[in-house]
Amino acid sequence: MKMRCALALTLAMFGCGDDDGGNPKPTGPDARDAGLDAAPRPADAAPLDAKVDAAPPPFTNAFAVRGKLISAPGDKRSKATLDATVEHTVTHVMAVNPASANPVRYLQPVAADGTFAIGVDLNLPWVIVLVDSRAVGREMVVGIFRSSAFGLDSIAATRAGSLELGDVTVDSAGTASASVTSGNLLGALGLSEAAATLLGELDDISLRYVNPDIDGNGQIDLLEGVSYALDFHLRFNMRDATSDIGLDDLLNQFADPTTTRATYTSGSAIAIWERNKFGALTADNYRIRFPTASGTYTAPPSGGSYSANVWIDDNAAFYTSAGTDTLGISFDATQPFPVGEYDFEVKTTQLSFTSVRTHTLEELNAGDNLIVPFLKLNTSVPGCTGWSCAITGFDYQWMLKLDAGWRPATLAEIALLIPQQGGFISFQLAGNVNKGLGYTIPGSAVQGTIPVTANIPGSTVTPAELSALTVDQICHLGISYDDTLGMRIFQGWAQAPACNPAPIP
């Protein structure tokens with residue numbers, strides 16, 4: 001999957017370019033990674049002929065997906081015409097969107113006659129999963145809707161309305177197909193054929209959330225009121241042909257788009273849960289496993305290696321946040337992210353994310369289709385150069401990296417890739433952690449100006465310090481944003497010479 005996957009919706013809706021690659025979709029052995037194989041039912045499971053309510057509760061989303069389940073693996077007999085008593089393995093339909101740190105899930109029951117309806121929100125990719133709530137963990141996944149005509153693993157509606165899938169059947173590989181024609185599918189979603197084809201090449205990144213029971217306790221997470229996320233953090237440094245670009249190079253000018261590169265330095269895969277859900281934790285309470293991948297990870301002082309289906313229990317390798325709500329692991333620019341399943345164990349509870357797909361190492365190192373803001377530092381004295389220049393604020397311009405180089409991003413691309421809250425720029429005055437400053441880079445405009453003001457709660461920066469701010473006092477500057485598919489992008493620039501030491505406490 002190209003870096004372009006972060007732009008799946010953008011490009012799909014606005015008909016930009018063709019993609020020249022992508023990871024294969026989960027069929028055959030990969031389908032097992034998505035939890036699609038039939039599994040023995042637990043001894044205390046409800047009988048197969050147990051029915052759910054025929055009338056789903058109402059929903060108010062702008063778009064509805066409706067269909068009628070005809071057959072699925074494990075059904076006791078085939079569906080007959082006008083037969084409302086078929087004993088389906090499917091109890092619910094789930095729609096999931098991979099929002100960063102907090103994926104959005106909707107759930108509706110499937111009626112006894114196989115009919116279902118579920119609401120989703122506009123302008124976002126939604127994976128439609130058929131669920132057996134009587135199974136456990138990944139085995140709850142009976143099928144995942146896929147359009148064979150376009151390879152779509154998700155649907156993305158661009159306008160209010162509904163999609164009538166018609167008759168839905170699930171094959172032995174776990175692919176749910178529908179009788180809706182390709183033309184009616186595209187018409188309901190508001191997508192062109194080219195756009196749907198492109199989206200189908202890119203949207204498998206959303207499949208990491210198909211497991212309805214990530215903690216494997218036999219209950220659908222959403223019905224329990226619990227949520228688990230798997231975020232990917234990607235870090236890029238802004239460089240010219242030979243070195244990192246310093247802030248003194250951005251005085252009264254943007255970086256040269258013909259020579260600027262976004263160099264990928266490292267990435268992290270991080271599981272997130274509700275704070276304090278597992279109580280007090282120590283370093284010995286964590287393990288991580290990749291059942292279908294081997295490789296190396298990055299950790300101080302020198303990292304280590306891992307083997308497929310073998311737990312990593314070197315707690316020095318893990319990324320945690322205050323030991324309460326995250327567990328992650330990092331990979332440098334020489335090591336690709338694993339694909340398949342990610343297992344995170346927290347105090348003996350295993351969190352399993354199946355069918356994980358993300359950017360390849362080649363795509364990350366190329367940086368293609370990355371959107372980041374370029375910066376310009378405005379000086380109080382026009383034409384000032386050097387680290388001692390006093391600055392009044394920043395200009396920003398959202399830029400898109402293509403094979404041919406950087407170009408300004410369009411407002412439509414920004415609106416669909418960058419959430420409404422935009423990005424965030426922060427730094428410390430002279431490296432003092434108590435004198436932090438931070439500003440929103442709007443996602444509502446291609447370019448703009450951000451004046452320097454004190455706007456981080458608790459910051460001790462004084463008006464006098466702001467008025468005397470010089471470029472060499474801007475330390476540990478970073479920019480970050482979460483894209484619409486749950487990838488967090490970090491962008492760094494070179495430090496001033498006085499900022500190289502660790503932040504001052």
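F374 is buried, with a relative accessible area of 1%; buried means under 20% relative accessible area, exposed over 50%, and partly exposed in between, with a 1.4 Å probe and protein chains only. The model is predicted, so local features need pLDDT of at least 70 and side-chain atom pairs count only at pLDDT 80 or more, while totals for chains, interfaces and linings use all residues. Residues are numbered from 1 along each chain as its sequence is written, and side-chain values use heavy atoms, with hydrogens and water left out.

**Aromatic pairs**

- Rings of Phe, Tyr and Trp (its six-membered ring) pair if their centres lie within 6.5 Å; planes under 30 degrees apart count as stacked, over 60 as edge-to-face and the rest as tilted.
- By this rule there are 17 aromatic pairs.
- F290 and Y342 form an edge-to-face pair, because their planes stand at 85°, with the ring centres 4.8 Å apart.
- This pair links distant parts of the chain, 52 residues apart: F290 is in the loop between strand 11 (286-289) and strand 12 (295-297), and Y342 is in strand 16 (residues 340-346). Helices (H or I, at least four residues) and strands (E, at least two) are DSSP runs, numbered from the N terminus.
- F290 is buried at a relative accessible area of 1%, and Y342 is buried at 0%.
- The rings of F374 and W406 are also edge-to-face, because their planes are at 65°, and their centres are 5.1 Å apart.
- That pair joins strand 18 (residues 371-379), which holds F374, to strand 20 (residues 405-408), which holds W406, and the two residues are 32 residues apart.
- W406 counts as buried at 9% relative accessibility.
- Ring pairs link Y209, F232, F290, Y306, F331, F337, Y342, F344 and F353 into a cluster.

**Charges over rings**

- A charge sits over a ring if NZ of Lys or CZ of Arg is within 6 Å of the ring centre and within 35 degrees of the ring normal.
- R235 lies over the face of F490, at 4.3 Å from the ring centre, and the charged end of K277 sits over the ring of F278, 5.8 Å from its centre.

**Nonpolar cores**

- A nonpolar core is a set of buried Ala, Val, Leu, Ile, Met, Phe, Trp, Tyr and Cys residues joined through side-chain atoms within 4.5 Å.
- The largest nonpolar core has 98 residues, of which W273, Y342, F353 and L477 touch the most other members.
- Leaving aside neighbours within four places in sequence, Y342 is in contact (heavy atoms within 4.5 Å) with residues including L230, F232, F290 and F353.
- Another core, of 34 residues, lies apart from the largest one, with I128, L165, A176 and L185 among its members.

- H88 is in the loop between strand 1 (63-71) and strand 2 (92-97), and H88 is buried at a relative accessible area of 6%.
- A polar contact is a pair of N or O atoms within 3.5 Å; within protein, one must be able to donate a hydrogen and the other to accept it, and residues adjacent in sequence count only if both atoms are side-chain atoms.
- The side chains of H88 and D75 are joined by a polar contact of 3.1 Å, and the side chain of H88 reaches the backbone oxygen of L69 at 3.5 Å.

**Disulfides**

- The whole structure has 2 disulfides, each a pair of cysteine sulfur atoms within 2.5 Å.
- C384 is joined to C389, S to S 2.0 Å.
- C475 is joined to C499, S to S 1.8 Å.
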